Amino acid sequence: MSLETLPDKFKPYTRQSISQARQWQWMAPELREAVQVVSHVLPFRTNAYVMDHLIDWAKVPDDPIYRLTFPHKDMLPAHEYEHLRDLVLGGGDAKALAATVQAIRMRMNPHPAGQLTHNVPQLNGEPLRGLQHKYRETVLFFPSSGQTCHAYCTFCFRWPQFAGMDGDLKFDARDTDQLVAYLKAHPDVTDVLITGGDPLIMNTRSFEQIIDALLVPELGHIQNIRVGTKSVAYWPQRFVTDKDADDLLRVFERVVKSGKNMAVMGHYNHAAELRPEIAQRAVKRIVGTGATLRMQGPLIRHINEDPNSWAELWTTGVKLGAIPYYMFVERDTGPSEYFALPLARAHEVFQQAYSQVSGLARTVRGPSMSAFPGKVAIDGVVTINGEKLFALQFLQARNPEWVRKPFFAKYVPHATWLDQLQPAFGQSKFFFESDEQLHARVIPIKQARHAAAPQLVTGT
Ligand code: SF4
């Protein structure tokens with residue numbers, strides 16, 4: 001694909017406009033119906049680059065990028081789908097439709113891992129909207145103008161951000177004042193992750209204002225500025241041909257020249273996203289500024305179960321100068337039954353992909369669950385004293401002392417998340433469930449999963 005044949009003007013498609021895409025006519029009626037119905041619950045957005053250059057339409061509906069960006073009928077239980085379809089296509093009761101949509105969304109665990117209840121920091125007794133502080137050294141910042149994406153992934157754990165849910169459920173910060181004040185008060189924080197959505201949907205001028213705020217002398221303790229982005233895959237033009245692409249790269253260079261690390265956390269889900277020439281050029285241009293580009297993404301049923309796809313992705317990335325970083329386990333939110341793979345299978349896929357790549361690509365970690373207590377990796381399946389077990393460890397944790405302490409859980413073949421596991425060796429709790437020091441912040445993982453939901457359901 002030469003650069004000349006690519007769109008250089010961004011063209012989004014939503015539920016309201018997708019019928020204008022020429023490919024809409026290529027889709028079977030039941031696929032079109034599913035998009036119209038399910039997108040009332042889960043946000044849908046894609047763009048002309050994804051449609052024209054990433055989806056292989058000869059393979060639809062099984063093409064992985066099609067699966068990744070289009071809603072599907074089996075993301076909802078049959079009875080929910082039928083009820084919703086009747087309301088949507090019946091064109092009748094708007095109130096009943098809104099109530100049904102809200103009820104389905106709340107069932108889908110919209111803010112997993114205590115995002116609302118335990119990660120929101122405070123300053124002078126006031127909760128800070130638009131910030132999260134889960135791990136000691138890292139603060140997440142959600143700028144309001146970055147709370148959308150170039151396209152939406154159907155499994156996205158930030159889907160409530162895009163779905164127009166109740167404003168109280170949304171993280172967004174209108175300016176950097178509170179961020180800077182909080183960071184000044186927390187000299188142990190070394191990393192800021194600017195995230196969304198996709199902060200690089202912002203124009204460079206707006207993005208630069210955030211960076212400028214982080215480069216002030218009083219924030220000398222901030223060593224790493226990270227930006228999470230899917231642009232590398234869904235709109236690589238952001239780094240190559242957009243009118244302010246060069247300006248963005250200059251901003252990255254400025255961070256590097258200031259002595260801080262500029263880390264682009266590139267969200268990739270499939271090898272197909274890094275095959276186009278422009279996507280490869282984007283990587284080279286980013287790393288050419290002195291910034292680092294780390295590759296991360298979740299393992300998702302129907303999309304990237306093939307270990308060869310991961311191996312190709314990491315190998316191509318390393319060749320271009322990127323660093324494979326994380327394979328995540330799909331989170332317990334949204335249509336998770338549709339996307340989840342058993343932990344045992346996740347480990348197999350990771351191991352098979354990892355074993356076929358160069359040592360330089362083995363910087364990747366996983367498969368890792370971003371769970372309530374921290375990021376838990378499945379290291380393997382072992383047998384000890386005749387008992388089959390999962391070997392696990394924290395890669396990151398609410399309590400830094402938990403990190404890299406091996407622990408074991410009974411092997412459960414169909415378990416898909418940490419809260420479905422039991423401790424091994426007859427213990428009644430995992431070691432991190434009884435930490436008295438963190439009593440105020442940590443609750444048992446089975447409660448944590450649902451901690452956000454009950455108090456939020458009241459409005460429905
Ligand atoms: S790129 Fe990330 S934040 Fe954006 S829709 Fe996909 S998963 Fe969600």
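This report covers a sheet, a helix pair and a ligand shell in a predicted model.

Residue numbers start from 1 along each chain as its sequence is written. In this predicted model, local features need pLDDT of at least 70, side-chain atom pairs count only at pLDDT 80 or more, and totals for chains, interfaces and linings use all residues.

**Sheet.** Eleven strands form an open, mixed sheet, ordered S5-S6-S7-S8-S9-S10-S11-S12-S13-S14-S15. Strands are DSSP runs (E, at least two residues), as helices are (H or I, at least four), numbered from the N terminus. Two strands pair if DSSP finds at least two bridges between them. S5 and S15 stand at the edges with a single partner strand each, so one side of each lacks a neighbour in the sheet. S12 and S13 run antiparallel and are joined by three bridges. Ser 370 has Lys 375 of S13 as its bridge partner.

| Strand | Residues |
|---|---|
| S5 | 131-135 |
| S12 | 365-370 |
| S13 | 374-384 |
| S15 | 407-410 |

**Helix pair.** The axes of H12 (residues 307-320) and H14 (residues 343-354) come within 8 Å and cross at roughly 45°. Axes are lines fitted to C-alpha atoms, for helices over the stretch in contact; angles run from 0 to 180 degrees between N-to-C directions. The two helices are therefore oblique to each other (under 35 degrees is roughly parallel, over 145 roughly antiparallel, 65 to 115 roughly perpendicular, the rest oblique). Pro 307, Trp 310 and Ala 311 of H12 meet Val 349, Gln 352 and Ala 353 of H14; contact puts C-beta atoms, placed from the backbone, within 7 Å.

**Ligand shell.** Residues around the ligand include Cys 149, Cys 153, Cys 156, Asp 198 and His 267, with C-beta atoms, placed from the backbone, within 6 Å of it.

Methods. Two residues are in contact if their C-beta atoms, placed from the backbone, lie within 7 Å.
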